[in-house]
Amino acid sequence: MKQTCSMVHVAFDDEAVANFFDDQVDAELRPEQFGRIWIHTHPGACPEPSPTDEATFERVFGRSDWAVMFILARQGRSYARLRMNSGPTFECEIPVRRDYSEPFPGCEPENWEEEYLNNVHPEQNKLGMSSLALNRSVWDDQWFFNEPDVEGDLK
C-alpha cells in the first residue's frame with residue numbers, strides 16, 4: 001500500500017487505503033476478513049507498543065468487533081495483542097510464532113523488493129531532504145531485505 005515513511009513515522013495514502021477496501025469488498029470479502037489485523041515494524045529491538053501505537057490502535061480499531069495489533073522488531077522480537085469489543089469485551093497478549101518454511105497463497109517473495117520500492121516513499125524533512133533516503137541503504141541492509149533464518153528470526 002502506498003505510504004510515506006521515516007524511521008519513526010508512517011502515513012498511508014488515503015486513496016490507496018480506500019481502493020484496497022473497495023477491491024476487497026468487490027471480491028465479496030467482509031472487513032473482518034481483511035481489515036482487522038494491524039501488522040507493523042519497530043526499527044529497534046523493542047516490540048512493545050508505543051503511545052502512538054496505542055492511540056492508533058484505539059482510533060482505527062476501537063469500534064471493530066475484534067482486532068489484532070502485531071509488532072515485529074529487530075532480532076525477531078515480537079508482540080501481539082487481541083482485542084475483543086463485542087460480547088464480553090477483553091484484551092490479551094497472544095503468543096506469536098513466525099514460520100517462513102512453507103509458501104502461502106498470494107505470497108510472491110520475488111516481488112517484495114519491487115513492491116516496497118514502488119509503494120514506500122521517504123518522508124521529506126523541513127530541509128527538503130529525506131531522512132529515510134539518507135539512511136535507506138543502512139535500513140535496507142539491516143532490516144527490510146534481510147532474510148529470515150530457519151526459525152523465522154531476522155539475520
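Is arginine 83 buried or exposed? Arginine 83 is buried, with a relative accessible area of 7%, where buried means under 20% relative accessible area, exposed means over 50%, and partly exposed covers what lies in between, computed with a 1.4 Å probe and protein chains only. The model is a predicted one, in which local features need pLDDT of at least 70 and side-chain atom pairs count only at pLDDT 80 or more, while totals for chains, interfaces and linings use all residues. Residues are numbered from 1 along each chain as its sequence is written, and side-chain values use heavy atoms, with hydrogens and water left out.

**Overall architecture**

- The chain has 5 helices and 7 strands, these being DSSP runs numbered from the N terminus, with helices (H or I) of at least four residues and strands (E) of at least two.
- Read from the N terminus on, the elements follow the order β-β-α-α-β-α-β-β-β-α-β-α.
- Of the 155 residues in the chain, 28% are buried.

**The S5–S6 hairpin**

- Strand S5 (residues 78-84) and strand S6 (residues 90-93) run antiparallel and are joined by 4 bridges; two strands are taken to pair if DSSP finds at least two bridges between them.
- The two strands form a hairpin with 5 residues between them, and glycine 87 in the turn has a positive phi of about 65°.
- Within this pairing, arginine 83 has glutamate 91 of S6 as its bridge partner.
- Asparagine 85 is located in the loop between S5 and S6, where it is partly exposed at a relative accessible area of 27%.
- Although asparagine 85 and serine 64 are 21 residues apart in sequence, their C-alpha atoms are 6.6 Å apart in space.

**Salt bridges**

- The structure holds 7 salt bridges, each defined as a side-chain nitrogen of Lys or Arg within 4 Å of a carboxyl oxygen of Asp or Glu.
- One of them links the side chains of arginine 83 and glutamate 58, at 3.0 Å from N to O. Because arginine 83 lies in strand S5 and glutamate 58 in helix H3 (residues 51-61), this pair ties together parts that are 25 residues apart in sequence.
- Arginine 97 and aspartate 99 form a salt bridge in which the closest N and O atoms are 3.7 Å apart, with arginine 97 exposed at a relative accessible area of 71% and aspartate 99 partly exposed at 41%.
- Through salt bridges that share partners, Glu54, Glu58, Arg81, Arg83 and Glu91 are joined into one network.

**Surface patches**

- Patches are made of residues with over 30% relative accessible area and no salt bridge, like charges being joined within 9 Å and nonpolar side chains (Val, Leu, Ile, Met, Phe, Trp, Tyr) within 5 Å.
- Glu108, Glu110, Glu113, Glu114 and Glu115 form a negative surface patch, where Asp and Glu count as negative, Lys and Arg as positive, and His and the chain ends are not counted. The place of a charge is taken as NZ of Lys, CZ of Arg, CG of Asp or CD of Glu.
- A nonpolar surface patch is formed by Met1, Val10 and Phe12, which together have about 240 Å² of accessible area, as given by the Shrake-Rupley method with a 1.4 Å probe, only the protein chains shown counting as cover for residues.
- Phenylalanine 12 is placed in strand S2 (residues 10-12) and counts as partly exposed at 40% relative accessibility.

**Positive phi angles outside glycine**

- Glutamate 28 has a positive phi of about 65° although it is not a glycine; it sits in the loop between helix H1 (14-26) and helix H2 (31-34) and is exposed, with a relative accessible area of 73%.
- Glutamine 75, also not a glycine, has a positive phi of about 65°; its place is the loop between strand S4 (66-72) and S5, and it is exposed at a relative accessible area of 52%.
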